[in-house]
Structure formats: structure tokens, C-alpha cells
Amino acid sequence: MLPTFFVLGAARCGTTSLHYWLDQHPQIAMSTIKEPNHFLFRPSPSGPQPCIGDDKRLLAKSVPERTAYERLFPSAGTTARGDASPLYLYTRETPELIAAAVPDARLIAVVREPVDRAWSHFAYVNGELGEDAVGAFTTAARRELPLGYEPYRTGTHFLRLSRYAEQLRRYREVFAPERLLVLSYDDLVGDPATALRQVCELLGADASHAFDTSIRYNPSSGSTSWLGRVDGALRPAYPYLKRALPSRVAGSLAARRARLRAGRRAERRGDAAVSLPADLCTELAEHFATDVAWLAREAGITFGGSAPAP
């Protein structure tokens, strides 16, 4: 069976936590593996064709074949079935692909202060940089500032994934506005009970369910422990392992790893606030001004002025 709803993204906005929290609900079933990325591929006579760049790790962990994708969801017994794949928000072709397959889909997007999200994404991808991370992010951001839309590749799209207005408008063009719920990351992590109640109402599930939100999943990299270093060293292999194992086994292992990494959250040096260069902050504030204004006007979402932190 196909899903009935999609957590679209954005990346580094709490979508992993949302996936595991929603999966607690007896009326909601999330895909057996998070982030199957099925709708990053367009159908063709020669087989599914990627809408993303030649990103071998991303392609390896995705599930482009329709029959394999449908096996990720239960055939009966739930009110709603969900797919949480954060790149669905960014990729231009995805709204039309979802609409063609699931025309009555419900959609959830979580947005975070744009610079904060970009920095967290950079820190997650480049957790080994340590004290050099701010300088490297400054260089990467200035390289990306003049660039427009391109198919996604890991390590090249930190600012562009924060351009929410264009991305959300694409979904509004093919889905009725009431089918799209836009949540603030600050609200999701600050008041998860209210956010989850809104999601349940959108999905037609019992909104009184008591979720356990004590664990926040998928924090940034940067652990100094031996376990954290091992996890970081093995991370490049995880997409290939995910592809090779049966989906239920891969999903179970991913959930265990997510809980383990969440348990290390307090020791991460990345939790400390990071000060970016003032001139870069000014440039980025101007760059994202239209997105911030659009969210305030169209979704009632505003962001605080906290310094970027993973």
C-alpha cells in the first residue's frame, strides 16, 4: 500500500523525531525505514530515474521501485501511513510525483530559522571539522549564495534547502492549502504535544494520544566519546547497509542507532552556541528575507533571534 501522508522536510528540522514519535500512535504507521526517498525518482520505461544528483550514498539508501516501496507500509489496521523523507520539500519534481500517486495526500513540513538550519546541516555533514567548522561554513555559504536550484548533492546544498517559500509554493500549486500543515521547528521541539496534536488532526487520527517525546532523535555530529567516533566513522556505510538488509531489519537497526545517538546528546560539544561572522550573518539575513517574510505572512511562523547552533 502507498502512504496517506508525507513529512516533506526540511532537513535538520526534527523530521527524525517526528517519524519515531508518530510511529507510537496505534492509528499511524510510518514506513519501516525512515527516508525511503521514493518520490525523488520519476517513472520511466527503463525504470525509476533520479531527480537528484549523482549522490551514490543517497541513491543507495533510497527505495525507487514501487513494489518494494509499498512493502514498507502495513496493508491494513491503521488510519494513516507516513513517509518522512526530508528532500521531498526541496526537489522540484516531487510535488507532482506525489500528487499523481496519492492525490488526496496530507502533507507536513517543518521549517527552522533559515541560517540556523543551514548551519546545523553543515555541522551534521562535516562533524569532523571541529574548530575549523565556522570558517569552512563561511566559505561554503559564500560559494553557494549566488547559486540557484540544482539537483541535490550532499555537501553542496546548505543554503538552498532553507529557501522555504519557493518550495512550499510548489506544493500549494498542486494540493489544496488545507492538506498542507507547516510547523515551526521551535514549536515542534518546544511544545511537541501541541505540534503532534495538530498533526493528528490533519491525519484524522485520535489527537488525544499521549506521545512519549522524551527522546529527540538525530542530533548533530561531534561526540568526543569513542562510541561517537565509531559511529561517525561507520556513517558512510549505513546507506549501503540499509539497502542490503530487509526493510524491517534495517528499520529496527536504524531506530536503535537513533536512540543510541540521542542518548549521547548531552555530551556533544556541538550543543554549544556558535557565533558566525557578523558580515556573513548580515548577508544571509538579506538572502533569506523573502522566505522569512513569506512564512510570517502565509503560515504565521516567525523565528527568534537566537545564534545558530546545531
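This is a predicted model: local features need pLDDT of at least 70, side-chain atom pairs count only at pLDDT 80 or more; totals for chains, interfaces and linings use all residues.
Q: Hi! Let's start with strand β5. Is it mostly covered or mostly open?
A: Strand β5, residues 80-84, is mostly covered, with 5 of its 5 residues buried.

Q: Which residues point which way from β5?
A: Ala80, Gly82 and Ala84 point one way, while Arg81 and Asp83 point the other way. Residues on both sides are buried.

Q: What does β1 do with β5?
A: Strand β1, residues 5-9, runs parallel to β5, and 3 bridges join them. In that pairing, Val7 stands opposite Ala84 of β5.

Q: And how many bridges link β2 with β5?
A: There are 3 bridges between β2, residues 28-30, and β5, again in the parallel sense. Here Met30 stands opposite Gly82 of β5.

Q: Switching to helices now! How do α7 and α14 cross?
A: The axes of α7 (residues 164-174) and α14 (residues 289-299) come within 8 Å and cross at roughly 45°. That angle lies between the 35 degree limit for roughly parallel and the 65 degree start of roughly perpendicular, so α7 and α14 are oblique to each other.

Q: Which residues meet there?
A: From α7 there are Tyr164, Ala165, Glu166, Leu168, Arg169 and Arg172, and they meet Asp291, Trp294, Leu295 and Glu298 of α14.

Q: What classes of residue are in that contact?
A: The contact of α7 with α14 has 5 nonpolar and 5 charged residues, and no polar ones.

Technical notes: Residues are numbered from 1 along each chain as its sequence is written. Side-chain values use heavy atoms; hydrogens and water are left out. Buried means under 20% relative accessible area, exposed over 50%, partly exposed in between (1.4 Å probe, protein chains only). Helices (H or I, at least four residues) and strands (E, at least two) are DSSP runs, numbered from the N terminus. Two strands pair if DSSP finds at least two bridges between them. Axes are lines fitted to C-alpha atoms, for helices over the stretch in contact, and angles run from 0 to 180 degrees between N-to-C directions. Angles under 35 degrees count as roughly parallel, over 145 as roughly antiparallel, 65 to 115 as roughly perpendicular and the rest as oblique. Contact means heavy atoms within 4.5 Å. Ala, Val, Leu, Ile, Met, Phe, Trp, Tyr, Cys and Pro count as nonpolar, Asp, Glu, Lys and Arg as charged, and the others, Gly among them, as polar.
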